[in-house]
Amino acid sequence: MNTILIAIISLSGIGLLCAALITVASKLMFVKVDVRVEKINNCLPGANCGACGFSSCEGYAKALAAGEVASNLCLPGGETALEQINMILGQDSGEGLAKNIAIVQCRGDSLTVEDKMDYTGEKTCFAAKQLFGGQRTCTFGCIGYGDCVKVCPSDAICLEDSLARIDPRKCSGCAVCAKICPTGVIAIEKEPLYVAVLCKNTEKGAKTKAKCSKGCIGCKKCEKACPAKTIKVEDSLALIDYTVCYGCRECVDVCIAKCIV
């Protein structure tokens, strides 16, 4: 009987000791949780696209609650998410949604660029890029197997004549397509975007012309015609400073290759 009593007392003592330790640990290791994080996270689309600069919507929600970032960075969420977030944070809408847009810097469709080989491998841009830069003669442009189409959360990209095309009305500017493109031919720019150079080929004009009839040949006609001096030709490729361009279209009119649109 004494043995049983001793065992009960011992177990009870151990239980009380563990309970005390857990109570002390919970007090010492307590982390205050901001209830706004969950509320903000529920306002976000949950796409985890990275457009806001964070790897997940939850990460962006935590940064918002801590007051570390602006509330207008969730492009897929749009104005609705922005209004809800500002309501939770108790602040004004500020500058509004930071609208970006994706553009495919290439006009090399199946009618413009020829294939240099018969590619029979996996039908993805990434796989084709590993084999001599892809099946097309121009290795700077769109490969045309639609890796970007598959990942676009807004269904804004389609393939036409083996060339990725983006619908600006649907595009949220989340940049997922730009991150997955193996040639880096998709660029993310801020709106408004008046004109764009749809070429990435930095080879000399003659080589570019031999590979693509709509490629930039670096003739500098656009650079000379631009009244705002927003265009510079570097490495045989026209580059536009979109932050200065006001859309006079002089460059569009003089472009020989018609790669500025």
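Let's start with Cys219. Its relative accessibility is 32%, so Cys219 counts as partly exposed. Keep in mind that this is a predicted model.

Which cysteine sulfur is closest to the sulfur of Cys219? The one in Cys222. The gap is 6.0 Å, and that is too far for a bond. A disulfide would need the two sulfur atoms within 2.5 Å.

Now Cys57. This residue is buried, with a relative accessible area of 10%. For Cys57, the closest cysteine sulfur sits in Cys74. Again we read 6.0 Å, too far for a bond. How many disulfides does a search of the whole structure find? The count is 0.

Next, a pair of helices. Helix 2 covers residues 35-43, and helix 4 covers residues 78-89. Their axes come within 9 Å. They cross at roughly 170°. Angles over 145 degrees count as roughly antiparallel, so helix 2 is roughly antiparallel to helix 4. Who makes the contact? On helix 2, it is Arg36, Lys39, Ile40 and Cys43. On helix 4, it is Ala81, Gln84, Ile85, Ile88 and Leu89. Sort them by class, and you get 6 nonpolar, 1 polar and 2 charged residues.

Last stop, Asp109. Find this residue in the loop between strand 1, residues 100-104, and helix 5, residues 125-129. Is Asp109 buried or exposed? Its relative accessible area is 7%, so Asp109 is buried. What does Asp109 touch? Leave out residues up to four places away in sequence, and the list is Glu160, Asp161, Leu163 and Arg165.

Conventions: Residues are numbered from 1 along each chain as its sequence is written. This is a predicted model: local features need pLDDT of at least 70, side-chain atom pairs count only at pLDDT 80 or more; totals for chains, interfaces and linings use all residues. Side-chain values use heavy atoms; hydrogens and water are left out. Helices (H or I, at least four residues) and strands (E, at least two) are DSSP runs, numbered from the N terminus. Buried means under 20% relative accessible area, exposed over 50%, partly exposed in between (1.4 Å probe, protein chains only). Contact means heavy atoms within 4.5 Å. Axes are lines fitted to C-alpha atoms, for helices over the stretch in contact, and angles run from 0 to 180 degrees between N-to-C directions. Angles under 35 degrees count as roughly parallel, over 145 as roughly antiparallel, 65 to 115 as roughly perpendicular and the rest as oblique. Ala, Val, Leu, Ile, Met, Phe, Trp, Tyr, Cys and Pro count as nonpolar, Asp, Glu, Lys and Arg as charged, and the others, Gly among them, as polar.
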